[in-house]
Amino acid sequence: MKKIYYAAKILQRVPLNSPQLKKAGFAVIIGAALLFGLAAVAVIALAIVLFQLVSNTNITLDVNQLFSQVGSWFGGIFGAGQEALQNAPVKIEVSPPSP
């Protein structure tokens, strides 16, 4: 109970609206997402290896095909965004010269 009280006292002194703290929070979130993704890939790879060992079968993973599919997926996302920016209407206002 005392630890919670002391933690609450410390958090009262931390400026939670600080831009540096928000940037650090975003960095922590992105880092956690990357670590989760790496852990998920490692678990899937381990599951495939264990399945191969237990069932004595051979599962092949075409890494080049996987990366080409991921690359085309990202290319489609960024290409659509670029196309939307290029096709966006542009409004140019010209003020008349003052006399």
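This report describes the helices, surface and confidence of a predicted protein model.

## Overall fold

The protein contains three helices and zero strands. Read from the N terminus, the order of its elements is α-α-α.

## Burial and surface

The protein has 99 residues, and 1% of them count as buried.

## Helix α1 and Ile-10

Helix α1 spans residues 2-13, and Ile-10 is found in it. From its first C-alpha to its last, α1 reaches 17 Å, which is close to the 16 Å expected at 1.5 Å a residue. The helix has twelve residues, and the count of buried residues among them is zero, so α1 is hardly covered.

Ile-10 has a relative accessible area of 53%. Ile-10 therefore counts as exposed, because the cut-off for that class is over 50%.

## Confidence

The average pLDDT of the protein is 76, and 74% of the residues score at least 70. Among the helices, α2 (residues 19-55) has the highest confidence, with a mean of 84. Confidence is lowest in α3 (residues 63-86), where the mean is 70. Where pLDDT is low, predicted coordinates should not be read in detail.

Technical notes
Residues are numbered from 1 along each chain as its sequence is written. This is a predicted model: local features need pLDDT of at least 70, side-chain atom pairs count only at pLDDT 80 or more; totals for chains, interfaces and linings use all residues. Side-chain values use heavy atoms; hydrogens and water are left out. Helices (H or I, at least four residues) and strands (E, at least two) are DSSP runs, numbered from the N terminus. Buried means under 20% relative accessible area, exposed over 50%, partly exposed in between (1.4 Å probe, protein chains only). The expected span of a helix is 1.5 Å times one less than its number of residues. pLDDT is the predictor's confidence in each residue, from 0 to 100.
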